[in-house]
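Q: Could you take a close look at one part of this model for me? I would like to see how the residues around it are packed, and then how that part sits within the rest.

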Amino acid sequence: MSDKFSIKEKKMLLDHFSNADQPVFAIITPKQVDRGALMSRYSRTDKSMRRVFLDEFLKNPNRGEEFYNRILLEYGDDSVAELGGAQIAIEGLSNIAVKKIEDRRIGLSYLEKSSRYVIWDKKINGKYKFYREPTIMHSKFADSYLEACNLDFDVYSKNIQPMITYVREKYPIEKYAFKDSRDGKEKPFSKLKLDGDIKTANIIYRGSTKAKALDILRGLLPASTLTNVGITGNGRAFEYLLTILFSSNLQEERNLASKIKCELDTTIKSFVRRSNDKYGNALQKYLQETKNYASKIAKKQKGLVPKKGITKLIEYETESKSLNRIIAGVLYEQSSSIPLSVVLSNVKKMSLAKKTEIINSFAKIRKNRRHRPPRAFEMAWYTFDLINNYGMFRDFH
């Protein structure tokens, strides 16, 4: 049951919550730190959230900051940092740096400037867009570095139109089907009659063939290529990202950490303040020590370096074991109070034909890539070793 609020209280609450009398409501109070503190405080009291706000937050504009200082800094309750979120845009960073950032997979989401849909042939003040690393640029290798990167971009740029022409010759529009607006069915291009459908089909075809051409060529772009990335995430994930970047051996990544921290301080300062304080410095030291130790051991490894790229499956479960685990996982979720060990034992007694039938049935239910199979399908695992070019790495990443 929702609390009963006076008319005066309801009026005040409507500046901070989407409604004052329903059991489901949005928190719209303007300060990010107050929204996070309210969520956390909410889990530590039997009061309703709106009553907590009236009793503790309304008359104290610093209540959110005080709460986080105590809970996050003094008690070290990291989970409350997930209650603050932010969006950051970073422009003009190298692909080396953006991949380091995007390796932080939990709590952060990314949208990177696409090398599949954007052509990378533009120059700024007569220079291609790649990172000119200060240490390299002040070394005897500067000219070689510039020559190599410029060559990459030159070859890439000169082959854009020829590659688009090649792709369109190899995959002509007549080979594809497009939606006919008269009956909603997919039909060969030659069967389209309406001008609007023909125009739309041509737009789709030109866009997809251009993307295919750029997809082929982007492997030519060097790792120093400058890109843009947008990051959405919670304070806890941002704080860890900052400690990773602060502990990096690369100056670009350490500089990025300082700039990201400065901008996050304008939105979720209370959630990321530990990233370079006493706590953060200790974590940075730990990360550096683990990298140094691993590097020391790795240098003692012996073996042949492959002369060409390899793609090798090096570790995996047997098909039988994978089938058992997946099917047991699917059934366990829908089995009331039956232990997983029992479900798995029952699945192992099924015939291979029955197991195959179950998997095939799930496959038939799925109609498109947005229909994601149950999480049980993640219970099969494989480990591949991929040693190839940087373009391949970008695609797989």
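A: Happy to! Leaving aside residues up to four places away in sequence, F238 touches A86, I88, L108, I231, T232, G233, L264, I268 and V272, where contact means heavy atoms within 4.5 Å. A word on the source: this is a predicted model, in which local features need pLDDT of at least 70 and side-chain atom pairs count only at pLDDT 80 or more, while totals for chains, interfaces and linings use all residues. Residues are numbered from 1 along each chain as its sequence is written, and side-chain values use heavy atoms, with hydrogens and water left out.

F238 belongs to the largest nonpolar core, which has 38 residues; together with I90, L93, I101 and L264, F238 touches the most other members. Such a core is a set of buried Ala, Val, Leu, Ile, Met, Phe, Trp, Tyr and Cys residues joined through side-chain atoms within 4.5 Å. Buried here means under 20% relative accessible area, exposed means over 50%, and partly exposed lies in between (1.4 Å probe, protein chains only). Helix α10, residues 235-246, gives the most to this core, with six residues. Helices (H or I, at least four residues) and strands (E, at least two) are DSSP runs, numbered from the N terminus. Apart from this core lies another, of 15 residues, with W120, Y156, I160 and L214 among them.

Let's move on to helix α3, residues 49-57. Eight of its nine residues are buried, so α3 is largely enclosed by the rest of the structure. Those buried residues are M49, R50, R51, V52, F53, L54, E56 and F57. In the loop between α3 and α4 (63-74) you will find N60, which counts as partly exposed because its relative accessibility is 23%. Between N60 and M137 there are 77 residues in sequence and 53 Å in space, C-alpha to C-alpha.

Now for the cysteines. C149 counts as buried because its relative accessibility is 4%, whereas C262, at 46%, counts as partly exposed. A search of the whole structure finds zero disulfides, a disulfide being a pair of cysteine sulfur atoms within 2.5 Å.

Finally, back to strands: Y382 is found in β9 and, at 48% relative accessibility, counts as partly exposed.
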